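Colleague: I'm new to this one. Can we go through it piece by piece?

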Amino acid sequence: MAAVMDALNSTSSIVPASTIEATIEAVNTGFLGTIAESTSTFGIIVTLLAAAVVYDQLSYWRQKGELVGPAWKIPFIGPFLESVWPKFEKYHAKWMSGPLSCVSVFHKFVIIASTRDMARQIFNAPAYVKPCVVDVATKLLRPENWVFLDGKAHVEYRKGLNGLFTRQALAAYLPGQQEVYEEYFEAFHDVSEKARESQSGVGPDKGGVKFVYYLREIMCAVSCRTFVGHYMSHAQVKEVADDYYNITAALELVNFPIILPFTKTWYGKKASDKVLEMFASCAAKSRIRMKQPGAKAECIMDRWIVQMMESDRYLERIARGETVPAEEKPQHVLRQFTDFEISMTIFTFLFASQDATSSACSWLLQLTADRPEILQKVREEGKNIMGDRYGKYGAIKIDDVEKLVYTRAVIKETLRYRPPVIMVPYMVKKDYPVTPTYTAPKGSMLIPSTWLSLHDPEAYGTFGGPDEFAPERWTEGDAEDKGKNWLVFGTGPHYCLGQQYAVMNLMLMLHLLSANYDWHHHITPQSEEIRVFATIFPMDDLFLSFTKRDAAAA
Ligand code: HEM
């Protein structure tokens, strides 16, 4: 036991590996002797517990090696309680502490990669790492879900999904998105109007309503319209938006690993089962509709079904021995997917997009409300490009969106300044020599962070520096050339599948909203503070108030 005490008394954060090995050996052997000497059950329990605590600490030291991190681990749970209410400042301090730092929560050893180059290295190391999400994710998304595929199987599956996000596909989704925006903007206005009535005497820039919740709903509604078209009712969309909160809560980075009744993970599982069922029923409806002559694909599900039908016809011709001319071969030859497989995949789209787009949209509205000169430039650009069609729902086509250069810059700057996804957890598949002197152990969690890369003074030093919100850096400066720093959507084999769609969708929203509405932000002392809830949000939940404006007259 002497070695154990030595180790416990040590204040150094780095304990020599030989000492740790010897100590673990001592725990394993000396410990049974100690049990035998104990006379009472209580004594045995205390001894077992003490040995377990020591073992837990030693394992931590062994995995930690030279990494920056707490010298001591709270027995078993580590900083679990702290991570239940994660503080952005704590994460930031961690990133600043070194390119690689660590913590251990329960049995999980977590390594955080904070710098641009370290983060990029992890994103691009599929031989050693795979996306991890959290333990409970396999239960919610189902273990057979494509997002858990690895290596070649993942690449192949993903190729089959590319056809759902081509330019032509994005163009087809635009009318549906505009329909949803028109309807929800009106609702934003009504909510604001009611609040103004009850807060009479309070100016539009004061009071207001916490809008983060409504923004989550609108983003869920627009995603659902893009993913499953009109196959879901308004009430169902609302249900999904409400349920989705439980799913996010269940999938937080740190949560109790076992699904116990009435816990967050339990509610999350119930919600995800319901959503999976709804999407499967949408797939069945799409299958029927797309078989009708002249049916047009309006959503991702329709396009997927059409691609399967085309592939089927093509494969039948081949099977009959026909020589099919190259131009008649479908761009993406797909196998047949069941309704439930389609549902699981669409669920991953919702899962990947819902929090990130809600976060982006919240910051976007806050940042632009606080900077009227930027909003003015967005409006001028919109009016120049759209002319008489400015502000009309349904009028904007993909060619128009592509011409909104300044609007795009505002979106890109929002995503840089407040990146929705600040960390992307990966799992180490086999011992990974991350640096010449440190090897991440198999089974540990390795988390590249995007923040420092996107706030790198070397890359974004102009226009007031990285902590200044300056869309002009994308139009007049050299931000576009700093592709290596642009980690908003990750990089490597798992980079975001929906990134073009996400940017275009946010552009569309800003364009239409700014044409038809003014919005006023009631700034509070917490507006600039960052709440971490899977992604990031303004701490005060964003007090906004919407008033109508006449696009034609402006
Ligand atoms: C502002 C909005 C969004 C942000 C910031 C964002 C960010 C990210 C990030 C950081 C990753 C991990 C990349 C990596 O591991 O290298 C990711 C993956 C993914 N995203 Fe997004 N995303 C957004 C919107 C969307 C949307 C709208 C969709 C779908 C329509 C989507 C679908 C996906 C999928 C399917 C993956 C996993 C890809 C794979 O494992 O191969 N995302 N996203």
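Colleague: Is leucine 404 buried or exposed, and why?
Modeller: Leucine 404 counts as buried because 23 other C-beta atoms lie within 10 Å. The cut-offs are 20 or more other C-beta atoms within 10 Å of its own for buried, 12 or fewer for exposed, and partly exposed in between, with C-beta atoms placed from the backbone.

Colleague: Where does leucine 404 lie, and what is it in contact with?
Modeller: Leucine 404 is in the loop between helix H16 (398-403) and helix H17 (405-417). Helices are DSSP runs of H or I, at least four residues, numbered from the N terminus. Leaving aside neighbours within four places in sequence, leucine 404 contacts Glu381, Gly382, Ile385, Met507 and His511. A contact needs C-beta atoms, placed from the backbone, within 7 Å.

Colleague: Changing topic, which residues are closest to the ligand?
Modeller: The closest are Ala352, Ser353, Gly490, Cys496 and Gly498, and 26 residues surround the ligand. Near here is a C-beta atom, placed from the backbone, within 6 Å.

Colleague: Which helix gives the most to that shell?
Modeller: H14 does, with seven residues. Helix H14 (339-369) and helix H20 (499-516) each supply at least two.

Colleague: Where is Cys496 found?
Modeller: Cysteine 496 sits in the loop between helix H19 (472-475) and H20. UniProt, in an unreviewed entry, places the feature "binding site" at Cys496; such annotations may be inferred rather than shown by experiment.

Colleague: And why is cysteine 496 classed as partly exposed?
Modeller: Because cysteine 496 has 17 other C-beta atoms within 10 Å. Not counting residues up to four places away in sequence, cysteine 496 touches Phe489 and Gly490.

Colleague: How many residues are in the largest nonpolar core?
Modeller: That core has 135 residues, and Ile111 and Ile346 are among those with the most contacts inside it. The largest share, 15 residues, comes from H14. A nonpolar core is a set of buried Ala, Val, Leu, Ile, Met, Phe, Trp, Tyr and Cys residues joined through C-beta atoms within 7 Å.

Colleague: What about confidence?
Modeller: The chain averages a pLDDT of 89, with 90% of the residues scoring at least 70; pLDDT is the predictor's confidence in each residue, from 0 to 100. Over residues 1-16 the pLDDT is below 50. Where pLDDT is low, the predicted coordinates should not be read in detail.

How values were computed. Residues are numbered from 1 along each chain as its sequence is written. This is a predicted model: local features need pLDDT of at least 70, side-chain atom pairs count only at pLDDT 80 or more; totals for chains, interfaces and linings use all residues. Two residues are in contact if their C-beta atoms, placed from the backbone, lie within 7 Å.
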